[in-house]
Amino acid sequence: MLVLLAFAVGACGSLGTQPAQLPPMTFEGAQSFQAGKLREIVAAEVGDVARTEWARSAVDDGAFAIERFYAGEGFAFAKVEYEIVKADEGTNRAVFRVEEGPRVALDSMRFDGATALKREILESFFPRLPRGFTSFDEARADSKQRRHEPPWWVESELASAASDLEDYYYRNGYLEARVAPPVYSFDDERRYANVAIVVSEGLRSQLTKVVIEGAPEDCLSALERAAAAFQRMAYSSLLAGAVRARLEEVLASLGYPDAKAIAGPTERGEKGETTTTFTIEAGPRVTISAIEIRGTKRTLRRTVLGMLKLEPGDVYSSDKVRESFRTLYQSAIFSSVQVGLAPGTEAERALVVELTEDSASDFYVEPGYGSYEQLRLGAGWRYKNLFGTGRSVEVDGTISELAQSGHISLVTPRFLGSDFRATTSVFSSRREEPSFTSNDTGLGWILSRRLNRKLSANLGYQYRYSSASNIDVTGPSLPDLTDKVQISSIAFTPVYDTRDSVFVPTDGSISKATFEFADAAIGSELDFLRLRLAYSDYYEPWSDGVLALSWRAGVIAPMHSTSDIPLQERFFNGGENTVRSFREDQLGPADGQGNPVGGETFQVFSAELRQRLVGNLEGALFLDAGNVQLQAANFFDGTGFRAGYGMGLRYVLPIGPIRLDYGINPDPRQAESSYVLHFTVGMAF
């Protein structure tokens, strides 16, 4: 409501305020638009020409601009006359007399001669009917009953649409297609226009054969395969250009960076079947004679060479040049990267690598908030390109009243010269859970690699000391959950991610699985298999709306001499990022005093509908359901599920949203609240 009021006040102010840089002006006969709007149009057209005094040429330009504006709003017959009224004292005044005429709506649209394209495609180029209507008659009837605007007749828009339709025909192989300027007719009152679009389609051309002449023998088969991918496509000069570019790209990848594919004669049969010829001027096959590295100050030469996919003696390849560029840029050492051959036409040329080094270190501070941990602060420091080797040292930590953690890591972007990234770290963390305090200290090593744009994986080893203190869990029937153990484990995590954004996704999905194995054979005092699974999917059901779905689960199964999983290694459920109708960890098994004891398995199902309200503010409706089971064997029995629903607000920032969620527990038990309010930063999933 406040936003609408502010908009209205601003609009009224603009209507009542005359541009200070123009002399006085008035408007007569303008009924459909406010004077303030017309002043803006005149000011935009005239500019500084009439800053102090009206000239006839400036007023004439202003009148023309008003007529053009009216025509764009459907007033096809609007006329504007003007005069300059001389003032006895002060500045002369421009008077614009507007004869609006009728506002013309589209009544029908006919396509003559258009048989190859569906009507839906044809109509997509022209003004569309209001949503939910299938004919102009319906739109016209609705406009009378509900004041719903029909599509207005704007001659310039229809003419532009006809030209765009002709271009579409050409791109789809109709080389002789012509779309004539629209033909119009009006009813007696000139309030409704009937439009006829006359199309002459002609024959559709289709590429059936590409003849390649003059190509080096060792490249011919690759060129023919590349050209075959374009066969059966609609032929036009645009497609010919695409074929030419692809042939030159293949030649460059095979060592011919100067190669040209020259389009030759094109033959077309009676049914549109088209044969086109390309003559190849390959030039020399280039070998890399040397590597020239420019612009580096801190980075060692061998570090740069290790990121390149080419070395002296190799045949030039544009594919390997692109790979080298990507590897150098993704190293985060350089702010700009250029990789290319030295100028010349010789068969042996140097590969020139132009680099600009980025800042060696950076520091960040990240404040945050959670409904359980409350105010928290994260900070980190990273030194990139340690000793010029491309390695980095990273130190980061977070602190809040209930949790503290710290990490020191050494990152090697190209482990042993490969595409794998190696991270060695030492860490320590402490967190006060509702029924105990968890402590972890250890070291780890992770080997990771991005396999393609969507798929990545990492393999890691971790050795840590895990303990629980300040334990509130009681009860003689409970197993011993208070072990302090040394855990040695190996974990493998594949991730498949197609989301359009890491922080605020609106489309795509992410799948993640972690398989962890701990055993005495690798030095662990606790033997188990642990599996964590997570899947989230995002859809846009309508404009500015997002439907987010998620399933998360975990199982930890004791093995060999291990019979019970310690409290700090168990799964818990409930809270701001799981089932939001419960407080932190409060969903699941508990002792006689209501203290959560966790379990060997859990699941969470969530659905959330998000809708942008205004600006960066979003509203949300959500439904969560989840469980915790004491034994891993009970994972599939489907018992113990509790559900909740609620609503929330999100204010979206570049790093994620500030989130307020109101979760409702429809069936609260003893000591459970019927609702929970969560305030935090970041999406629930």
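**Helix packing and a pocket, questioned**

Helix 2 (residues 35-46) packs against helix 3 (residues 56-72) at an angle of about 125°, their axes lying 9 Å apart. Keep in mind that this is a predicted model.

User: Why is helix 2 called oblique to helix 3?
Analyst: Roughly perpendicular covers 65 to 115 degrees, and roughly antiparallel needs over 145. The angle here is about 125°, so helix 2 counts as oblique to helix 3.

User: And which hand does the crossing of helix 2 and helix 3 have?
Analyst: That crossing is right-handed.

User: What makes up the contact, residue by residue?
Analyst: On the helix 2 side you have Lys37, Leu38, Ile41, Val42, Glu45 and Val46. They meet Ala58, Asp61, Gly62, Ala65, Ile66, Arg68, Phe69 and Tyr70 in helix 3. By class, that's nine nonpolar, one polar and four charged residues.

User: Now the second largest pocket: what is its volume, and which residues lie nearest its centre?
Analyst: The volume is about 810 Å³. There are 26 lining residues, with Thr327, Gln330, Pro413, Asp419 and Arg450 nearest the centre.

User: Which element gives the largest share of that lining?
Analyst: Helix 10, with four residues. Elements giving two or more residues include helix 10 (318-330), strand 15 (374-386) and strand 19 (437-450).

User: How does the lining of this pocket split by class?
Analyst: Six nonpolar, nine polar and 11 charged residues.

Methods. Residues are numbered from 1 along each chain as its sequence is written. This is a predicted model: local features need pLDDT of at least 70, side-chain atom pairs count only at pLDDT 80 or more; totals for chains, interfaces and linings use all residues. Side-chain values use heavy atoms; hydrogens and water are left out. On a 1 Å grid over the protein atoms alone, a cavity is a set of points where a 1.4 Å probe fits but cannot get out, and a pocket is an open set with protein on both sides within 12 Å along at least five of seven lines; lining residues have an atom within 4 Å of a point. Grid points are joined across faces, edges and corners, and a volume is the space filled by probe spheres set on the points. Ala, Val, Leu, Ile, Met, Phe, Trp, Tyr, Cys and Pro count as nonpolar, Asp, Glu, Lys and Arg as charged, and the others, Gly among them, as polar. Axes are lines fitted to C-alpha atoms, for helices over the stretch in contact, and angles run from 0 to 180 degrees between N-to-C directions. Angles under 35 degrees count as roughly parallel, over 145 as roughly antiparallel, 65 to 115 as roughly perpendicular and the rest as oblique. A crossing is left-handed if the near helix is turned anticlockwise from the far one by less than a right angle, and right-handed if clockwise. Contact means heavy atoms within 4.5 Å.
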